[in-house]
Amino acid sequence: MARCVTRVELSVSCRSLLDRDVGSRSDPLCVLLQEVGGGQWAELDRTEKIKNCQNPEFCKKLVVDYYFEKVQKLKFGVYDIDNKSFDLNDDDYLGGIECTLGQVVSSAVFTRPLELKQGKPAGKGTITISAEEVKDTRLVYLEIEAQNLDKKDFLGKSDPFLEFYKQSDAGTWQLVYRSEVIKNNLNPCWRKFSVPLQTFCGGDFNKNIKVQCADHDSDGSHDLIGTFETNLAQLQKAGDGCPVEFECVHPEKKQKKNSYKNSGIIRIKSCKIETEYSFLDYVMGGCQINFTVGIDFTGSNGDPRSPDSLHYISPDGVNEYLTAIWSVGSVVQDYDTDKLFPAFGFGAQVPPTWQVSHEFALNFNPSNPYCQGIQGIVDAYRQILPQIQLYGPTNFSPIINHVARFAAHSAQQGTASQYFILLIITDGEITDLDQTRQAIVNASKLPMSIIIVGVGEADFKAMEFLDGDNGVLKSLTGEPAARDIVQFVPFRLFKNAPREALSQMVLAEVPKQLVSYYKWQGWPPVKLPEGKKMQLVA
């Protein structure tokens, strides 16, 4: 099941629509459909109808769940509405377009001519679509410590932790955050934490927040140390070396003793509200995703002329390598404006010297290894197969380091303008594991992700080791990867699945990896969406 990255709101306007009404202008409405497979389309949303208008700017936004790892085919249809029925089949069609959601979100403004059917323009009519995320992406960051908390444990001090609750409109308290437990400490300092603003207080800076401090007991019978109430407006006063202090009061103790003051002091050291940028913020803000392919041409793949070979192209023109290129490339290409993709091979003897190369351009042009679109990669692959001799060994590090050099150059600009995805397709018998580990650890500090698709029936234990899902990948010297940038998928799991299933699996991690890199660097999107600018000043 693909994970929804976010929801997007599509704003639609049209110009110069056809006039279908006699004596008045058309009454347009725009409907949004999404392909659900097998040539079938399902309606997702529709705008309001605007009366007598050939240049409508629809107020109602069209909302769609957005998945990076899917090619989401959309159809926008504009109709002239002359009745009150929901069915559009009895209304005049003013034109439409087909596109992908990736094309829309990666364009600041997406304008296309309307067509009545493919190749037949709807007069001079055009449609313009712009996308915006649906969410408040601000986070509340808090640093909190306490002093002189009550001792609750018979043989020790206390094991304090904090709980934050927001008050609902009905007056009930809803838990929004629980801190870690600090063992045996009456003057604890909890680690800095963040809570989405929406979760913390529903975006209302004056909404009541209740903070409880309790002594943790392993059996779950935690003892209340004390509590206080506040709101985000008060918490925000903390910072710049001026903490905000609250008395931590135990209600029962206060009732019983007139001399009771408090059960300790809770100090808010800092409270900051920051914007959390999403994958879409970066893409819509101008970040280009650069796609590079590395193809394994080692001898273990088998002679391409033999039907047993992984490089054998079947009578219907496909093999596992080509399927992987199409599956991943068809999604990524929407996010690259020039559609020029460098493509390399490794592990083969190449003419004219017949030396083994671990990094040769598929088009045999090392100074310009770019292929025009995904079809260009496929064409270059088919042309090169009869011209090279499959050999070995299987070295990944040269091609990883090759892409890393470009990523390092881009990172020196200090802006979120370029991100690099390297797709390596291999039969899995890696030779330079130690050098590859080092190359990945180095690349983890760069704007780069690596996708490895394993073809054939080999043992892919080495690949699974490089995918850091089971722990942090370390170089031979023990240096850990700064972040997880490798996603490995064995092709055999998807042999009988729809082509898009593979792309969904291998690309699902990319948005998180891209955001984690730019967050780590502290780089905002190159161009901030209007909604985010407003949040920053709110």
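## Two helices side by side

Helix α8 passes helix α9 in a left-handed crossing, where left-handed is the term for a near helix turned anticlockwise from the far one by less than a right angle, and right-handed the term for clockwise. The contact, which is defined by heavy atoms within 4.5 Å, is made by S397, I400 and N401 of α8 together with Q435, T436, A439 and I440 of α9. By class, this contact of α8 with α9 has three nonpolar, four polar and no charged residues; here Ala, Val, Leu, Ile, Met, Phe, Trp, Tyr, Cys and Pro count as nonpolar, Asp, Glu, Lys and Arg as charged, and the others, Gly among them, as polar.

Helix α8 covers residues 397–411 and helix α9 residues 433–443, and the two pack at an angle of about 15° with their axes 9 Å apart. The axes are lines fitted to C-alpha atoms, for helices over the stretch in contact, and the angles run from 0 to 180 degrees between N-to-C directions. The helices α8 and α9 are therefore roughly parallel to each other, since angles under 35 degrees count as roughly parallel, over 145 as roughly antiparallel, 65 to 115 as roughly perpendicular and the rest as oblique.

## About the model

This is a predicted model, in which local features need pLDDT of at least 70 and side-chain atom pairs count only at pLDDT 80 or more, while totals for chains, interfaces and linings use all residues. Residues are numbered from 1 along each chain as its sequence is written, and side-chain values use heavy atoms, with hydrogens and water left out. Helices (H or I, at least four residues) and strands (E, at least two) are DSSP runs, numbered from the N terminus.

Helix α6 and helix α7 (residues 373–384) pack at an angle of about 165°, and their axes are 10 Å apart. That makes α6 roughly antiparallel to α7, and the crossing of these two helices is right-handed. On the side of α6 the contact is made by Y321, L322, I325, W326, G329 and S330, and on the side of α7 by I374, Q375, I377, V378, Y381 and R382. By class, the contact of α6 with α7 has eight nonpolar, three polar and one charged residues.

## Pocket and cavity

The largest pocket has a volume of about 440 Å³, and of the 19 residues that line this pocket, E35, V71, Q72, K73 and E500 lie nearest its centre. On a 1 Å grid over the protein atoms alone, a pocket is an open set of points with protein on both sides within 12 Å along at least five of seven lines, a cavity is a set where a 1.4 Å probe fits but cannot get out, and lining residues have an atom within 4 Å of a point. Grid points are joined across faces, edges and corners, and a volume is the space filled by probe spheres set on the points. Strand β2 (28–37), helix α6 (320–332) and helix α11 (499–507) each supply at least two residues of the pocket lining, which by class has three nonpolar, 10 polar and six charged residues.

The count comes to one cavity of 30 Å³ or more, and about 30 Å³ of space lies in the largest cavity. Its lining includes F68, K70, V331 and Y335.

## Backbone details in loops

The peptide bond from P351 to P352 is cis, with omega near 0°, and P352 lies in the loop between β19 (348–350) and β20 (355–357).
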